[in-house]
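Visitor: Hi, I have a model open and would like to talk it through with you. Could we start with the charged side chains and then move on to the strands?
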Amino acid sequence: MTVRVRRVYDPPEPDDGTRVLVDRLWPRGVSKEAARVDEWPKGLTPSTGLRRRYHAGEATYEEFARRYEAELAEPEARELLDRLRELAGRGPVTLLTSSKSPERSHTAVLVRLLEADRR
């Protein structure tokens, strides 16, 4: 299972595999053609309230990650996460985000959960 994270602003690469946008909002200044997104599961992204609270500095990353994991346990998100697991089981998956710090964003939580499945 190969899952990696890239910024959606970076040009697609041949080894990206399935490209999945994991942001709720479409990134500014990027056309759909340039992004080459294969899937966009909006229900897999953090809730607006959680996202705003974290970006406003009202929650630590650890609190954000814990609450986001709780959101991912909800039925719709769990189903979409299972779909992501299925895709990753078939071949490379690239999670796309507009976040300037993907390692401190929801994408890191997604990768951690998907990597835990491998163990």
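Visitor: Is Arg6 buried or exposed?

Guide: Arg6 is buried, with a relative accessible area of 10%. Buried here means under 20% relative accessible area, exposed means over 50%, and partly exposed lies in between (1.4 Å probe, protein chains only). Do keep in mind that this is a predicted model: local features need pLDDT of at least 70 and side-chain atom pairs count only at pLDDT 80 or more, while totals for chains, interfaces and linings use all residues. Residues are numbered from 1 along each chain as its sequence is written, and side-chain values use heavy atoms, with hydrogens and water left out.

Visitor: Got it. Which side chain does Arg6 meet in a salt bridge?

Guide: That would be Glu13, at 3.4 Å from N to O. A salt bridge is a side-chain nitrogen of Lys or Arg within 4 Å of a carboxyl oxygen of Asp or Glu. Glu13 is partly exposed, at 33% relative accessible area.

Visitor: Which residues are linked with them in a network?

Guide: The salt-bridge network links Arg4, Arg6, Glu13, Asp15, Asp16 and Arg19. Within it, the side chains of Arg19 and Asp16 meet at 2.4 Å, N to O, and both of these residues are buried.

Visitor: How many salt bridges are there in the whole structure?

Guide: A search of the whole structure finds 14. One of them joins Glu86 and Arg90, at 2.3 Å from N to O.

Visitor: Where do Glu86 and Arg90 sit relative to each other?

Guide: They are four residues apart in helix H4 (residues 75-90), so about one helical turn separates them. Helices (H or I, at least four residues) and strands (E, at least two) are DSSP runs, numbered from the N terminus. Glu86 is partly exposed at 38%, whereas Arg90 counts as exposed at 60% relative accessibility.

Visitor: Switching to the strands, what order do they take in the sheet?

Guide: Three strands form an open sheet, ordered E1-E3-E2, with parallel pairing. Strand E1 (3-7) and strand E2 (18-21) are the edges, each pairing on one side only. Two strands pair if DSSP finds at least two bridges between them.

Visitor: How many bridges join E1 to E3?

Guide: Five, and E1 runs parallel to E3 (residues 93-97).

Visitor: Which strands does H4 touch?

Guide: H4 packs on the sheet and touches E1, E2 and E3 (contact means heavy atoms within 4.5 Å). Its direction makes about 130 degrees with that of E3. For that angle, axes are lines fitted to C-alpha atoms, for helices over the stretch in contact, and angles run from 0 to 180 degrees between N-to-C directions.
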